[in-house]
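Me: I have a structure open that I have never looked at before. Could you walk me through it?
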Amino acid sequence: MLDTEVLSRTPPRALDVVTPLGDVRFAVRIGGWDVPAKPEHTWGLGSEARLCRWRHRSVRLDVLAGATTPEQPGVTRETAIFRVLAREPLSEFVVQAELADPPAEVTGDDGVFTAETTEATVSVGGPGAEVLRRCADEGRHVPPYWSGQLAGAVELDGARLTWQLPAVERGDYAELWVSVAWSEAGGDPSRAVDIDAARVLRELAQ
C-alpha cells in the first residue's frame with residue numbers, strides 16, 4: 001500500500017473512531033483468524049493518517065485510516081481502508097463496524113446506518129453489495145471472481161454493519177472501505193460516507 005521505509009513509526013492503537021454518540025468499533029476476521037484490535041506496527045503519514053499492519057502466516061492486513069474532507073459543510077469524517085494480501089487461500093474476509101452504545105433512533109440502508117439524538121447525527125457506511133459487484137466487474141479494489149458471489153454480503157443489524165466477503169485466492173488482494181461521519185443534530189452525514197474510495201485513498205496517502 002505504501003513504502004514503510006520512508007515513514008516514521010507511531011504507537012499502535014485500535015482503529016476505534018470516537019464520535020459525539022460514542023465509539024465506533026471495528027472487528028475483522030480473515031480466513032478464520034480473528035485479527036487483534038491493535039496492529040503490530042503503525043506508521044504516521046503527512047496527512048496525519050496512519051498506516052496499520054497486521055501479519056499472519058496466511059495474510060497481511062494493512063489499514064490506512066484517518067480524517068478526510070467531505071464535500072458536505074459541517075460534517076467531520078474518518079475513513080478506514082482495509083487491504084488484505086493473501087499469502088495462502090483465504091476462506092473469508094469479514095469486517096464489522098458497530099456503534100458501541102447506540103441511541104434508540106437508528107435507521108439504515110444497504111451498507112449504511114445513521115444514529116441521531118438531539119445533540120448529534122452519526123452515520124457509518126461503506127460499499128453495498130452492488131457497488132462491490134461493479135468493482136469486481138471493473139477490476140477495481142476486489143477480485144473479479146467475486147462478481148457472482150456478493151448476494152447477501154452486507155448485513156445490517158441495528159447499529160452494526162457486517163461485510164461477509166468471499167474467499168481470496170493466494171497472491172490476490174481485496175480492499176474494503178468504511179467511513180464514519182457526524183454532524184450536529186438535523187444534519188445529513190450519510191451522504192459523506194458514500195465515498196470515492198480511490199480519491200480518499202490518495203488523500204490519506206499524502
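Me: Leaving aside its neighbours within four places in sequence, which residues is Glu 175 in contact with?
Reply: This is a predicted model, and in it Glu 175 is in contact with Phe 82, Arg 83, His 141 and Val 142, once its neighbours within four places in sequence are set aside.

Me: What joins the side chains of Glu 175 and Arg 83?
Reply: The side chains of Glu 175 and Arg 83 are joined by a polar contact of 3.4 Å.

Me: And is Glu 175 buried or exposed?
Reply: Glu 175 has a relative accessible area of 5%, and because buried means under 20%, Glu 175 counts as buried.

Me: Which strand is Glu 175 found in?
Reply: Glu 175 lies in strand E15, which covers residues 173-184.

Me: Stepping back, how many helices and strands does the chain have?
Reply: The chain has 2 helices and 15 strands. Its radius of gyration is 16 Å, close to the 17 Å that the globule rule gives for 206 residues, so the chain is as compact as a globular protein of that length.

Me: How much of the chain counts as buried?
Reply: Of the 206 residues, 48% count as buried, while the chain exposes about 9800 Å², with carbon and sulfur atoms supplying 45% of that area.

Me: Changing topic, how far apart are the mean positions of the positive and negative charges?
Reply: The chain carries 21 positive and 32 negative charges, and their mean positions are 8 Å apart.

Notes:
Residues numbered from 1 in each chain as written. Predicted model: local features only at pLDDT ≥ 70, side-chain atom pairs only at ≥ 80, totals over all residues. Heavy atoms only, no water. Helix = DSSP H or I, 4+ residues; strand = E, 2+ residues; numbered from the N terminus. Rg over C-alpha atoms; globule rule 2.2 N^0.38 Å. Buried < 20%, exposed > 50% of the residue type's maximum accessible area, 1.4 Å probe, protein only. Areas by Shrake-Rupley, 256 points an atom, 1.4 Å probe, with all protein chains shown as cover. Lys, Arg positive; Asp, Glu negative; His and termini not counted. Charge placed at Lys NZ, Arg CZ, Asp CG, Glu CD. Polar contact = N/O pair within 3.5 Å; in protein donor to acceptor, adjacent residues only side chain to side chain. Contact = heavy atoms within 4.5 Å.
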